[in-house]
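Okay, thanks everyone, let's get started.

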Amino acid sequence: MATLSAVLATTHHPFYLKATTAPPEERMPQADEWKRKVEAYRETLTVAKPDILVMVGADHFHQFFSDNYPTFLIGKQPMYDATFYNETREFGLPTFLLQGHEELSGYMLQGLLDRGFDFSVSHELKIDHSIICPIITTRPDADLPIVPIYTNIFAPPLPSPKRFWDLGRAIRSIIDEWPSDLRVAAVGSGHLSLELGGPRQFGETGPDPEFDLQAIEWLRTGDIDGILANVTHESMAGAGNATHGFMDLILMMGIAGPIEASYVDSLDLFHTREAYVTWYPEGAPS
Amino acid sequence: MSIYYVNKFLFQVDGDPELLARYKADPAELVAWWETERGPWLNRVERTTWLGFTETERRALVGHDYVTLFELGAHFFLSLTIFIALYDADYAARSGPLSFQREYAANLAHWMGKEYPSVAL
C-alpha cells in the first residue's frame with residue numbers, strides 16, 4: 001500500500017515570491033523572516049521524501065466561472081500548465097509545466113465516487129496560484145508529479161465545513177488503500193481570515209487576528225470538534241469575506257486525521273496571517 | 001438583476017489584456033461593445049439570447065464604480081482584481097504601495113460591521 005508521508009496545510013500568499021526576490025532596497029521589512037520561515041517549512045516536506053504530491057486548492061475564477069463552476073474537481077492529465085496571465089500581471093508569478101500522475105488521479109476519482117463524492121474531472125486543467133504558490137514555497141524545483149484537487153471555497157453556495165473534513169477523510173482512506181510502493185504527500189492551501197474587495201482589506205493585519213490564532217490552535221491540536229462547533233459560513237464571513245478558504249485547511253486536517261500537528265509556524269503580515277502546518281500521520285520521518 | 005453578467009464581464013475583461021486596455025482607455029465603448037458583441041457568446045457558434053445589463057449595472061461598469069458593484073453583489077475577487085489592474089500602478093507611483101487598495105477599502109467603510117451584500121447567485 002502507498003505511504004502517506006506528510007500532510008501540509010498552508011496559506012498561499014501570492015506575493016511571497018515577489019517579496020523575497022525584490023532588490024534589497026525594495027524589500028518589505030519582513031521579507032527575510034518570511035523567507036526563513038518558508039524555507040524551514042519546506043524542509044518538513046523534503047524530509048518526508050515524497051514521490052507524488054496530492055495538491056488541494058481552489059480556482060480563483062481563472063479557468064472556471066459561474067457558467068459551470070465545479071464544487072469538487074480532480075485533474076487527470078499527464079501534464080499541467082500553470083499560472084494565468086492575470087496572475088503573472090498582478091503577482092509576478094512565473095509559468096510552470098508540472099508532471100501529472102494519471103494512475104493516482106484515476107484511482108482517486110473512482111475512490112471518491114465510491115465514497116459518495118461525485119467529483120467533476122478535467123482533462124485540460126490549468127493550475128492557478130492556489131497550487132502554484134505552495135509549489136513555490138514547499139517544492140520550488142517542481143520536480144514531482146501532482147494530482148490536483150479543486151474545491152469551491154469561492155463561489156457560494158459552498159459545501160459545509162464538515163463536508164470538507166469528510167472529503168479529507170475520504171482522500172486519506174483512498175491513499176491508504178492505493179496499491180503502490182510510492183510515498184504520497186498531500187499539500188493543500190487556503191486562508192486564515194482574509195478580506196478581498198471589502199472595507200477590511202489590506203489592513204496592517206488580517207481582518208480577524210483572534211480568529212487566526214484560534215484557527216491555528218485548532219489545526220495544531222487536530223481539534224475537529226472545536227472547528228465544527230464554531231466555524232460556519234456565517235462565522236467565516238464575519239472574520240473576513242474571503243475567510244472561507246479556511247475550509248481547505250480543514251480538508252487537509254481531514255487527510256491527517258484528528259491528531260496533533262508535528263510542525264506549526266505562522267507569520268503576521270500586512271493584510272493576512274500566514275500559517276504553516278505539517279502532520280506526519282504515519283510517524284515523523286527518520 | 002443580472003449580476004451574473006456583470007461578473008462575466010469582469011471575468012472576461014480581467015483575463016484579456018486587449019480588453020483590459022480598452023476598458024481603461026474608453027470604458028463606455030468597451031462596455032457597450034462587450035454587452036452585445038462578446039458577452040452573449042458561449043463559444044464561437046452558440047450564444048445566449050437573454051442576458052444584458054440593467055442601467056444601474058451598465059453605469060457602474062462604465063464608471064469603474066467598485067462601490068456600487070460591491071453593493072450590487074458583484075464578486076469581490078473579480079472587482080478587486082480588475083480595478084487593481086486598472087489603478088494600482090498609477091496610485092503606487094503617486095502615493096506609494098497599496099494606496100489604491102487602501103482607498104478602495106476606505107470607500108467601502110460604511111459597510112464596516114454590517115453584513116455585506118451577498119455574492120451568491
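So, which side chains meet in a salt bridge at 2.6 Å, N to O? They belong to Arg89(A) and Asp14(B). Keep in mind that this is a predicted model. The count of salt bridges between chain B and chain A is two, and that pair is one of them.

The largest share comes from α6(B), with seven residues. If you sort that side of chain B by class, you get 22 nonpolar, five polar and four charged residues.

Now let's zoom out to the whole contact. Chain B puts in 31 residues and chain A puts in 27. Together they bury about 2,500 Å², and carbon and sulfur atoms give 69% of that. On the polar side, there are seven residue pairs in polar contact between the chains, counting pairs with both residues at pLDDT 80 or more.

Back to Asp14(B), then. It sits in helix α1 of chain B. Is Asp14(B) buried or exposed? Its relative accessibility is 5%, so Asp14(B) counts as buried; the cut-off is under 20%.

And what's around it? Leaving out residues up to four places away in sequence, Asp14(B) touches Tyr85(A), Asn86(A) and Arg89(A) on the other chain, plus Leu20(B), Thr81(B), Ile82(B) and Ala85(B) on its own. The Arg89(A) side chain also makes a polar contact with the Asp14(B) side chain, at 2.6 Å.

Methods
Residues numbered from 1 in each chain as written. Chains lettered and ligands numbered in written order. Predicted model: local features only at pLDDT ≥ 70, side-chain atom pairs only at ≥ 80, totals over all residues. Heavy atoms only, no water. Contact = heavy atoms within 4.5 Å. Buried area = accessible area lost by both parts, 1.4 Å probe. Salt bridge = Lys/Arg side-chain N within 4 Å of Asp/Glu carboxyl O. Polar contact = N/O pair within 3.5 Å; in protein donor to acceptor, adjacent residues only side chain to side chain. Helix = DSSP H or I, 4+ residues; strand = E, 2+ residues; numbered from the N terminus. Nonpolar A, V, L, I, M, F, W, Y, C, P; charged D, E, K, R; others polar. Buried < 20%, exposed > 50% of the residue type's maximum accessible area, 1.4 Å probe, protein only.
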